Amino acid sequence: MANFSIVGQRLPMVDGPDKVTGRGLYTDDLALPGMLVGKILHSPHAHACIRRIDTSRAEALPGVKAVVTGRDFPNRYGILPIGHDETAFAVDKVRYIGDNVAGVAAVSEEGARQALELIEVDYERLPAYFDPEETMKAESNWIHDEKPHNIEKEYHHQFGNVEQGLAEADLVVSERFACSEVTHAALEPHSTLAHYDPATDRLTVWSSTQVPYYLHLTLANVLGMPKEKIRVIKPLIGGGFGGKSEVIPVEVEAAVLSRQAALPVKITYTREEVFYAHRGRPIQIIELTIGAKRDGRLTGVKARIVQDGGAYCGYGPVTLLYSGALLGAMYDIQNVQFDGYRVLTNKPACGAMRGHGTVNTRFAFESLLDRVACELGIDPAEIRLRNQLQPPCITVNQLRVTSYGYPECIRQVVEKSGWGEKRGKLPYGKGVGIAGSHYVSGAANSIIRSEMPHSTVNLRVEDDATVTLLTGASEIGQGSDTIQLQLVAEELGVRPDRIKLVAADTERTPIDLGSYSSRVTFMAGNACLAAARNLRKQLFEAVARVWGVSADQLEARDDRVCAQNGSGKVMSFEQAVAAARQQFGTLEATGSYAPPAEARGGKFKGAGVGPSPAYSYSAQVAEVSVDTETGQVSVERITVAHDCGRAINPMTVEGQVEGSVWMGLGQAVQEEMIWNQGRLMNPSLLEYKSASTLESPEIVPILVESVDPEGPLGAKEAGEGSLAAAIPAVANAIYDAVGVRITSTPISAEKILKALRERQKPQARGNGGRR
Amino acid sequence: MIPASFEYFAPRSLEEALQLLAHHGTEAKLLAGGHSLLPMMKLRLATPRTLIDLGRIRGLSYIREDGGRISIGAMTTHAEVESSELLRRRAPLLPETAAEIGDVQVRNRGTLGGSLAHADPAADYPAALLALDAECVLTSQKGTRTVVAKDFFVDMLTTALQAGEILTEVRFAADSPRTGSAYRKLHHPASGFAIVGVAARLTLDATGKGSAVSVGITGVAPKPYRATGVERGLLGQTLDAKRIAEASAQATRGVEPLSDLQASARYRAAMAAVFTRRALAAALGRAQKQG
Ligand SMILES: Cc1cc2nc3c(=O)[nH]c(=O)nc-3n(C[C@H](O)[C@H](O)[C@H](O)COP(=O)(O)OP(=O)(O)OC[C@H]3O[C@@H](n4cnc5c(N)ncnc54)[C@H](O)[C@@H]3O)c2cc1C
């Protein structure tokens, strides 16, 4: 075990005190002199042409300073280079209820509201598409003219030979799974404050974003302004979960309104607007087939996935590709086939949500694997161990696996949950289930297809021997600031409170791609290490010269620099800094990280998504009890082991793992966006239930440290990988408890009761579980 | 999320409030705890021109017993009902029901009168009031009248309250000896409202037979109702688990269960039976404990 002094400590999160005392400033807390309130007119129709918009009455209303429609800013944008299909406001067509038609900036919120009511829009309604399988049959009136049959993208991957693999199997099982749509429900609604200053022709934007850099690029494009005229700042964020990882309409709308009004404009979404902005986890229909030998070895897996994307591209194709790329890759399966369709419907666009793309397929796969184990009479924990990868290795779809704590995760949860004494042995109505999941530690290929480093940080030692850490990485509550600080403090051997963070301000901090795909600890972390090592090198050089020793004999630790040559020479960090300043003047260093070429995956179409420098793994045992009269499930306990490579801060890792489990449980048993003809029937937190601490079962987090060879001090992803397994673990536990398998999410009480009743019917007996 | 503008009055007496109500007519809304009205105003589902706040009127918040009859002032909060020692001893069904309403914040602000007057089909109190055979006291400038709970709830969000009337008090008989009661509820996972809520009160005679049985059900139909089919199956019978289970199957007889996002009509009907049985079984156990 390496001998660290700051890494591995349960350091409280550095942004914690400001948040819990209410001192911290979120975007909506900010105000500027003369600031206007922005409001958006949303489409009442799911699919319609805009024949005419008359804004004259709104413009004439006293207090209204700007009214903007689609024609004013028609430049297209989108998070993926292949998906620039959005505009600040609809140009001639609306594509979902809630689509953005016009914006108003006024001196008061009430005035802005009134102005919206004065905008007249003539719509010509078009046939609308809501069902993902039906929309693919559309022959005309496509949602985007350039996307025939409303198919945004399709991918067909074949690795090995699946037909042969299945032919060699002793058991082949198939099932159709259906996952409902869920959304992030972050506490903080999307909010943007934009300030266009006509005197300097500069735009400053404060926004609730996980990706300040992409927002910067998008604003330059939409407004037609040079990048250097725009500055994006990320204040505190009240949760993102992927919902703020692409540019959300409010961000460009506040900017264009400010540009038009030449005054600061703030827009904060209402909760209903947050629900309609969405970008959450899509409906997926997954037809899955798994083949296995009698001993449980998997011979092939085949999936056909139809993904209901909503009306715009967003991250959609990436979501779909993750579903395929990570389908079989946590096990040793030599034959994998994936056919995926990302289709367009007249609903808000789906996008990235914690566990991006992997969650629904994991639910399907781990549920079906449980069935394979049961039908073969193999312990479900054991069947997973029998199919483990042998790393270092490259999976059949060319993902490079460098560290693999999954078997250890399984062993740990089996032991700590009492699996052996419980599985199949608890009284009727109680049961346990096991499942696994995995996730990327950042994408090895940048979504903007750039070759520049994915993260860069700068360090600067100030006169008072504090160290300023300038990083583009975005703290969104996941611990990004704290982890970077711990890594730098460790490498420099200084007290953590010497380090002052300046983060996520595109004018002052170097480029970081953002907080998504669980990339920050791995990538910004590696950049921090590189920068700190550069800085330390300079420091040692200076000290070595003072002492007349060689720099490689020095060590920095506990706020001091010492010689390791038996001389007993010691110098405080301040003295070392003073010595370095004498010699070099300023003391600065930079470090960056780009994923290595070997981690970047194959060359086939769609190969760019899935490759990562390292993968996290999770195994979970859920213990549930089912009320067989009401169908209600109560999750009593989750034992979860997460392979995070190295826990730089065990407390924040545990927090992330527990949060992931909660979020997974929400989707497992209750969360669902319910649509009726493109209208969301539950757009509020009094109707859409996301799990809170109140409903949390006992969660027992176990950290497995596989020490990845390329991770920062061995660390890997911790914020997402444990989400997916929670859902199938619960589903499998329900099967153990009452003998029914629910193949759709959420696993509602009503579905369970129905399944229990159907099983009681005499003709439905057969493979009905252990009872 | 801002309501339309309105005029606000905070009368100091009931007379003043009645006057204002008479003067402003249907343009006015009474404001009690605000926990149903204000959300509706923020969503602009309600846009009253005038609000008459009952919060400054003394003497509308009390719980007392007089000769075996309990009376509760309309402005008594859910929290006060929940924690009332008197009610816990003399009519424990009501505090048990109050404890199931919303969360702490809602219970600290929401009032008995507001909940009843609002008549949300998923509200909890109505089930208990029905089971308690309560009567509602309605006051207007013309005087007061009383309406029994069964007639007070007219339809979804509609009560027997007429223009110019304020619900001022709720009254009912305290429990007699050998009486047990219970409230059992299937919560809406997000809002906490009742998908099904069943309040049961029963009294045993010396031989263990049910001499009085009442079951009030909320959440299931457009308005709360007495499950008379269930009651008939138990009245005068020796009560045990089996008989209760049989009778509970009648929980939705004569009503058409609602179907919504949270539960289909079929599921609601099934749950009405399950929660009726559970409430009655708990009530029976408590009655028996009193010997
Ligand atoms: C988050 C949340 C969760 C909730 N969960 C539940 C729950 O689980 N179960 C439940 O039963 N309720 C629930 N409620 C509703 C809550 O109980 C309300 O407090 C109650 O329904 C209304 O009481 P109020 O005093 O707040 O009335 P107000 O909101 O002030 O008024 C409601 C209506 O009644 C009228 N009114 C008020 N007082 C009188 C009077 N004395 N005479 C005539 N008319 C009057 C008003 O004009 C208005 O139309 C919840 C509310 C919230 C916000």
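**Exercise 1. Is B:Ala269 buried or exposed?**

Solution. This is a predicted model, so every value here is computed from it.
- Step 1: Locate the residue. B:Ala269 sits in helix 12 of chain B, residues 265–289.
- Step 2: Recall the cut-off. A residue is buried if 20 or more other C-beta atoms lie within 10 Å of its own.
- Step 3: Apply the rule. B:Ala269 has 20 C-beta neighbours inside 10 Å, so this residue counts as buried.
- Step 4: Look at the contacts. Leaving aside neighbours within four places in sequence, B:Ala269 touches B:Thr252 and B:Pro257.
- Step 5: Check a distance. B:Phe6 is 263 residues away along the chain, and its C-alpha is separated from that of B:Ala269 by 42 Å.

**Exercise 2. Compare the span of helix 7 of chain A with the expected span, then describe its burial.**

Solution. 
- Step 1: Count. Helix 7 of chain A covers residues 249–261 and has 13 residues.
- Step 2: Compare. From first C-alpha to last, helix 7 of chain A reaches 18 Å, close to the 18 Å expected at 1.5 Å a residue.
- Step 3: Judge burial. Of the 13 residues, 12 are buried, so helix 7 of chain A is largely enclosed by the rest of the structure. Among them are A:Glu251, A:Glu253 and A:Arg259.
- Step 4: Look past the end. Just after helix 7 of chain A, A:Ala262 takes a positive phi of about 55°.

**Exercise 3. Describe the largest nonpolar core.**

Solution. 
- Step 1: In soluble globular proteins, nonpolar side chains tend to be buried together.
- Step 2: Give the count. The largest nonpolar core has 338 residues.
- Step 3: Find the main contributor. Helix 15 of chain A, residues 520–547, supplies the largest share, 15 residues.
- Step 4: A:Val488, A:Val730 and A:Ile734 have the most contacts inside the core.
- Step 5: Follow one of them. Beyond its neighbours within four places in sequence, A:Val730 has contacts including A:Gly433, A:Leu665 and A:Ile747.

**Exercise 4. Where does the ligand lie, and which residues come nearest?**

Solution. 
- Step 1: The ligand lies between chains A and B.
- Step 2: Find the main element. Helix 7 of chain B gives the most to the shell, with five residues.
- Step 3: Sort by class. The shell holds 17 nonpolar, 13 polar and four charged residues.

Note on methods. Residues are numbered from 1 along each chain as its sequence is written. Chains are lettered from A and ligands numbered from 1 in the order in which they are written. This is a predicted model: local features need pLDDT of at least 70, side-chain atom pairs count only at pLDDT 80 or more; totals for chains, interfaces and linings use all residues. A residue is near a molecule or strand if its C-beta atom, placed from the backbone, lies within 6 Å of it. Helices (H or I, at least four residues) and strands (E, at least two) are DSSP runs, numbered from the N terminus. Ala, Val, Leu, Ile, Met, Phe, Trp, Tyr, Cys and Pro count as nonpolar, Asp, Glu, Lys and Arg as charged, and the others, Gly among them, as polar. A nonpolar core is a set of buried Ala, Val, Leu, Ile, Met, Phe, Trp, Tyr and Cys residues joined through C-beta atoms within 7 Å. Two residues are in contact if their C-beta atoms, placed from the backbone, lie within 7 Å. The expected span of a helix is 1.5 Å times one less than its number of residues.
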